[in-house]
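Me: I have a model open and want to learn how to read its features. Can you take me through it step by step?

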Amino acid sequence: MAFTLYSLLQAALLVVNAIAVLHEERFLRHVGWGSDQGIGGFGEEPGIKAQLTNLIRSVQTVMRVPLIAVNSITIVLLLLFG
């Protein structure tokens, strides 16, 4: 398998899919990454854990509908071109 731009985009799509399906109550709270875990004080810089939980929540909110379309296109391309 050659390292092409298509395989790189497909790997990025798989990572975004993996982030989108993480369930907060079933998985993230058990590893200590729930929404109530990263609350900081006023004026403090958010830590890396809070930034990652915000990124996960943002990807889940914004990318739901576009992921359906992109996954459908990817499936059709894989069926047509192997």
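Reply: Start with the term helix. Helices are DSSP runs of H or I with at least four residues, numbered from the N terminus. Thr 74 is placed in helix α4. Keep in mind that this is a predicted model.

Me: How many helices and strands are there in the protein?

Reply: There are four helices and zero strands. Along the sequence the pattern reads α-α-α-α.

Me: Back to Thr 74. Does it count as buried or exposed?

Reply: Use the cut-off: buried means under 20% relative accessible area. Thr 74 has 15% relative accessibility, so it counts as buried.

Me: Which residues is Thr 74 in contact with, leaving aside neighbours within four places in sequence?

Reply: Thr 74 is in contact with Tyr 6 and Leu 13. Tyr 6 and Leu 13 are in α1, and they belong to the set of residues there that meets α4.

Me: How do I describe two helices that pack like that?

Reply: Two packed helices are described by the angle between their axes and the distance between the axes. Here α1 (residues 5-20) and α4 (residues 64-81) pack at about 140°, with axes 11 Å apart. That angle makes α1 oblique to α4. Roughly antiparallel would need an angle over 145 degrees.

Me: What is the handedness of the crossing of α1 and α4?

Reply: The crossing is left-handed.

Me: Which residues meet where α1 packs on α4?

Reply: From α1, they are Tyr 6, Gln 10, Leu 13, Val 16, Asn 17 and Ala 20. From α4, they are Leu 67, Val 70, Asn 71, Thr 74, Leu 77 and Leu 78. By class, this contact of α1 with α4 has eight nonpolar, four polar and no charged residues.

Me: Now α1 and α3. At what angle do their axes cross?

Reply: They cross at roughly 100°, and the axes come within 8 Å. Helix α3 covers residues 48-62. Angles of 65 to 115 degrees count as roughly perpendicular. So α1 and α3 are roughly perpendicular to each other.

Me: Which residues meet between α1 and α3?

Reply: Val 16, Ile 19 and Ala 20 in α1 meet Ile 56, Val 59 and Gln 60 in α3. The residues of this contact of α1 with α3 divide into five nonpolar, one polar and no charged.

Me: Take Ile 56. Is it buried or exposed?

Reply: Ile 56 sits in helix α3. At 11% relative accessibility, Ile 56 counts as buried.

Me: How do I relate sequence separation to distance in space for Ile 56?

Reply: Compare the count of residues with the C-alpha to C-alpha distance. Ile 56 and Leu 22 are 34 residues apart in sequence and 8.1 Å apart in space. Ala 18 and Ile 56 are 38 residues apart in sequence and 10.0 Å apart in space. Ala 18 is in α1. With a relative accessible area of 41%, Ala 18 is partly exposed.

Notes. Residues numbered from 1 in each chain as written. Predicted model: local features only at pLDDT ≥ 70, side-chain atom pairs only at ≥ 80, totals over all residues. Heavy atoms only, no water. Helix = DSSP H or I, 4+ residues; strand = E, 2+ residues; numbered from the N terminus. Buried < 20%, exposed > 50% of the residue type's maximum accessible area, 1.4 Å probe, protein only. Axes fitted to C-alpha atoms, helices over the stretch in contact; angles between N-to-C directions. Parallel < 35°, antiparallel > 145°, perpendicular 65-115°, else oblique. Left-handed = near helix turned anticlockwise from the far one by under 90°. Contact = heavy atoms within 4.5 Å. Nonpolar A, V, L, I, M, F, W, Y, C, P; charged D, E, K, R; others polar.
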